[in-house]
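Hi,

Here is the structure I promised to pass on. Have a look at it first, then read my notes below.

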Amino acid sequence: MVLVEVSSAEDFRVLVERGRCVVHFAASWAPQCAHMNDILSELSNIHTAIKFVKVEAENVPEIAMQHQVTAVPTFVFLKDGKAVSRVDGANAASVTDHVEKLSADAGAVEAPAAHPAEPKQDLNTRLQALVSAAPVMLFMKGTVAAPRCGFSREAVALLQGQGVEFSTFDILADDEVRQGLKAFSNWPTYPQLYANGTLVGGLDIMKELVASGELTSALPAKPAVAPLQDRLRALITQAPVVLFMKGTPDTPRCGFSSKIVALLRAEAVPFASFDILSDEEVRQGLKEFSNWPTYPQLYANGNLVGGLDIAVELQQSGELKSTLGL
């Protein structure tokens, strides 16, 4: 899914009169609107029953006035053309929560549709691999560079302040993991911190451990890193589609990585990512593991698809999604 840009009042009326819609009233000159567009694009990959619409507020003032928009960004949540809630300002956590509520009202099944009856054991196996993917794993909303809720931001700052080395998983990028991990660990909220595959707790527990001086003892001080081959297998299978890149999707650190992220988003491909600049062992090891010397590298169901050139060829031939198993 992608953001649909509306440029006339009539197009807007037709688009939102049926179903559930999230409308982003934006302005091209406002950088916070561009950031929120990226977040909405990610959410649209998860909540496929909802239409995500962008309106340049100054270009279509009659729509903005109708919804009492006085500043950008503003987000209006509609059901069959009627506003049911709104968020004023670039509050990513609040927008995400409102989208989830709108999706729940729709009764939409948001788990990947390719295997709707996938046995629970398969999901549990995947979750066990994810929580064990690094000695210390933080499951959060967003990334270390761009947290998407205040609690996740606090957790990252706390761990960094304690000098803890940790890896992360963005639960907004995979709703199956997001919902499944709650039951898997019997912990209903995020962020969640794991040490050697075992749940430590959420932000409150982390704060208590810091206050008592017990955090370092609760985490592996000098973690015995899993054999590299095992680590790499866990990383390439952490999601159905995984991109190994320089930087993160929101802040790529090379032109090739930026281009492949744009390509995947344009094709509405949901994907997890790993910043190879954050781990030199993975960066060098994966080249040999997959016999592919450059980055980015794209994987589907644990198998190497290729780099940017291959992805472009597959897009141009119309074979990208089928190759990725979507």
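A residue counts as buried when its relative accessible area is under 20%. Phe139 has a relative accessible area of 0%, so this residue is buried. Keep in mind that this is a predicted model.

A search of the whole structure turns up four aromatic pairs. In one of them, the ring centres of Phe139 and Phe169 are 5.7 Å apart and the planes sit at 40°, so this pair is tilted. The two residues come from distant parts of the chain: Phe139 is in strand E6 (residues 136–140) and Phe169 is in strand E7 (residues 167–170), 30 residues apart. Phe169 is buried too, at 3% relative accessibility.

Phe139 also pairs with Tyr194, this time edge-to-face, with 5.4 Å centre to centre and 75° between the planes. That pair again links distant parts of the chain, since Tyr194 belongs to strand E8 (residues 192–195), 55 residues from Phe139. Tyr194 has a relative accessible area of 1%, so it is buried.

Lastly, look at His98 in helix H4 (residues 92–106). His98 has a relative accessible area of 19%, under the 20% cut-off, so it is buried. Leaving out residues up to four places away in sequence, His98 touches Phe77, Ser85, Arg86 and Val87.

Cheers

Methods: Residues are numbered from 1 along each chain as its sequence is written. This is a predicted model: local features need pLDDT of at least 70, side-chain atom pairs count only at pLDDT 80 or more; totals for chains, interfaces and linings use all residues. Side-chain values use heavy atoms; hydrogens and water are left out. Helices (H or I, at least four residues) and strands (E, at least two) are DSSP runs, numbered from the N terminus. Buried means under 20% relative accessible area, exposed over 50%, partly exposed in between (1.4 Å probe, protein chains only). Contact means heavy atoms within 4.5 Å. Rings of Phe, Tyr and Trp (its six-membered ring) pair if their centres lie within 6.5 Å; planes under 30 degrees apart count as stacked, over 60 as edge-to-face and the rest as tilted.
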